[in-house]
Amino acid sequence: MTSITDETLPITPRAMRDEMIVFVIMAALLAIVPFTGLYPFFVMQALCFALLACAFNLLIGYGGLLSFGHAMFLGTAGYCSAHALKVWGFPPELGILTGIAGAFVLSIITGYISIRRQGIYFSMITLALSQLLYFVYLQTPFTHGEDGIQGIPQGKLFGFIDLSKPVTLYYVVLVGFLAGFLLIFRTINSPFGEVLKSIRENEQRAISLGYKTDQYKLLAFILSGTIAGFAGSLKVFVAQNASLTDVHWSMSGEIVLMTLVGGLGTVFGPVVGAFVIIAMQQYLAGFGQWVTVIQGVIFVACVLTFRRGVVGEIAHLFKRSL
Amino acid sequence: MQALYAQLLVGLINGSFYALLSLGLAVIFGMLNIINFAHGALYMMGAFCAYFLLNLGGINYWWALLLAPIIVGIFGMILERTLLQWLTGLDHLYGLLLTFGIALIVQGIFQNYFGSSGLPYAIPDQLRGGMNLGFMFLPIYRGWVVVFSLVVCLATWFLIERTRLGAYLRAATENPTLVRAFGINVPRMITLTYGLGVGLAALAGVLSAPINQVRPLMGADLIIVVFAVVVIGGMGSIMGSIITGFALGVVEGLTKYFYPEASNTVVFVLMVLVLLVKPTGLTGRAA
């Protein structure tokens, strides 16, 4: 039985250096986007999903836990932020914090429930919990059901950064993405991350070494859910709405797909995967349900022939850790 | 009281579908170590198959009840031979991802041609009308679905727990290498098992066609509820799957009567409670 990420190179100074170099290149490329004529809305959306996929990847790639319900954090944070901004009239920074707090509380509860089972059951439980939440949001008045919360004011961050200007908003989203990414990067390369990997490889052995694996898994789940929530809050400013699609199981599936395409358990894979999938949705928007079919084909193709993903293959080719 | 009995009946019918689907999931998981995410899509294909048989071939409900599971079962076996068999030795999670992809493909194709609205499928003449039982009015078709599903579930249980073929199957679940050493073609058995599980899903689809209409996404939400049923019941026991399926259907029906707002969520809430009290599920062994 091979685990879902079949090779882990040890963290060496060289691997860390490689990853930092790629990080700097990525940050530089993203920083010049507004000057390239690329549609900033598209890149902002992709950045939100990239952060979301990175948060998801923290669980599957380093903890071996496949969450099929990560859309619940995206949607919950989105609803909380949207409600705080629109109904309570919060400034953007407090709106984001409200969303993060919502996802944080949710991840404690759902994490406590779902880590009680492993493997395939964990996936089914997270999926069922997100579906439970979907029906709750469908019925509670504050989400406005099928309509969602629309026309959310973007406001001024800290009172002077005007988020209604696309370029300003872009850099705010970029800073948010990079901060979240670095937090995950730091976590992976910490002693905590090492213990997580050992749980993924052999939980029994980790227990016998004296680690309380349930606590590690719960902590990883909370961290992942909260960062996913941060991505959801940022997305509210980009899309200016919060709707049921963000909580639907198909969204959870897309998060899985992005990470799978980019490379499970790779540092940069989820980012690449998010850009690939979002770009594909943009270009194929006119083909209706065929997008779903194509997504299904990519799932099948990735699982059968391309399990390392784009970044995983590149890393394998150059024998580097990326 | 009439309304209560009516909701109980609806609950029993949903319970029949839960039982048939979770039974198939458990059988497939036992042999292939795969959680078949495509189960909902194959259930939908069963219903569409009955619809096509009637409208294109003029083949009636009774033949559809036999043919649709066979046709969809063969489709399932082709899937197993061409795609699923390559997953041997990989992490279980890849099976979930692959079958999720298959579900997206199948549902996407059907949605493309049939949209999201429902196609009608008439109740067969012999099962029209209803009976007055004194305390409630029983539509014959609905009673038929419950009784027939129960019979099929028990027959499957008998096949697996009480026949020689079932003994091979259970042995191959425990130790495929050893069973192969006895000269039994285990890969073929795996294919047939997948076909059986898929056939049960398709049968549930045919049964539900006259009640729920035939829709491309009819299985998409159902499969998530069935996952919760499987988590509650555990996949260790065939009889456990059947009983849990029917019981949860009844609980859902009762909720529809007493507190309708929670009828969509009650199964998930029960799953949470079971996980808090007995994480391994009601009948399951530790996985």
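Let's start with A:His144, which sits in the loop between α5 (119-139) and β1 (149-150) of chain A. In this predicted model, A:His144 counts as partly exposed because it has 17 C-beta neighbours inside 10 Å; the buried label would need 20 or more. Its backbone is worth a look too: phi of A:His144 is near 55 degrees, a positive value in a residue other than glycine. Most residues other than glycine have a negative phi.

You'll find B:Asn33 in the loop between α1 (2-32) and α2 (39-57) of chain B. With 18 other C-beta atoms within 10 Å, B:Asn33 is partly exposed.

## Chain A as a whole

Now zoom out. Chain A contains 13 helices and 4 strands. Its C-alpha atoms fill a box of roughly 50 × 45 × 40 Å, taken along the principal axes. How does the radius of gyration of chain A fit with a compact globule of 322 residues? Such a globule would come out near 20 Å, and chain A has 19 Å, which agrees.

Buried residues make up 51% of the 322 residues in chain A. The chain also folds back on itself: of the contacts with a separation of 6 or more, 77% are between residues 24 or more positions apart.

## Helix α6 of chain A

Helix α6 of chain A covers residues 166-188, 23 residues in total. From its first C-alpha to its last, α6(A) reaches 32 Å, close to the 33 Å expected at 1.5 Å a residue. A:Pro166 is in this helix, and A:Pro166 counts as partly exposed because it has 13 C-beta neighbours inside 10 Å. A:Pro166 and A:Gln150 are 16 residues apart in sequence, with 18 Å between their C-alpha atoms.

Which residues of α6(A) are buried? Among them are A:Leu169, A:Tyr170, A:Val173, A:Phe177, A:Phe181 and A:Ile184. The buried residues of α6(A) pack against α1 (13-31), α2, β2 (156-157), β3 (161-162), α7 (191-201) and α9 (213-239) of chain A.

## Helix α7 and its buried face

Helix α7(A) has its own buried set: A:Gly193, A:Val195, A:Leu196, A:Ile199 and A:Arg200. Looking down the axis of α7(A), you'd see these buried residues fall within an arc of 160 degrees, so they line one face of the helix.

What do the buried residues of α7(A) pack against? Their partners are α2, α6, α8 (203-208) and α9 of chain A.

## The end of chain A

A:Arg320 comes in the segment after α13 (309-318) of chain A. With 14 C-beta neighbours inside 10 Å, A:Arg320 counts as partly exposed. Leaving out residues up to four places away in sequence, A:Arg320 touches A:Asp18 and A:Ala315. A:Ile125 is 195 residues from A:Arg320 in sequence, and their C-alpha atoms are 35 Å apart.

Chain B has 11 helices and 2 strands. From the N terminus on, its elements run α-α-α-α-β-β-α-α-α-α-α-α-α. The radius of gyration of chain B is 19 Å, close to the 19 Å the globule rule gives for 287 residues, so chain B is as compact as a globular protein of that length. Its C-alpha atoms fill a box of roughly 60 × 50 × 35 Å along the principal axes, and 51% of its residues count as buried.

The contact between the chains takes 38 residues from chain B and 39 residues from chain A. On the chain B side, the largest share comes from α4(B), with 16 residues. That side divides into 27 nonpolar, 9 polar and 2 charged residues.

## The nonpolar core

Finally, look inside. The largest nonpolar core holds 195 residues, and those touching the most other members are A:Ala50, A:Leu51, A:Leu52, A:Ala128, A:Val173, B:Ala202 and B:Ala228. Helix α2 (residues 40-63) of chain A gives the most to this core, with 17 residues.

Not counting residues up to four places away in sequence, A:Leu52 touches A:His70, A:Leu74, A:Ala228, A:Ala231 and A:Ile255.

Definitions and conventions
Residues numbered from 1 in each chain as written. Chains lettered and ligands numbered in written order. Predicted model: local features only at pLDDT ≥ 70, side-chain atom pairs only at ≥ 80, totals over all residues. Core = buried A, V, L, I, M, F, W, Y, C linked by C-beta atoms within 7 Å. Buried ≥ 20, exposed ≤ 12 C-beta atoms within 10 Å, placed from the backbone. Contact = placed C-beta atoms within 7 Å. Nonpolar A, V, L, I, M, F, W, Y, C, P; charged D, E, K, R; others polar. Expected span 1.5 Å × (residues − 1). Rg over C-alpha atoms; globule rule 2.2 N^0.38 Å. Arc of directions from axis to C-beta.
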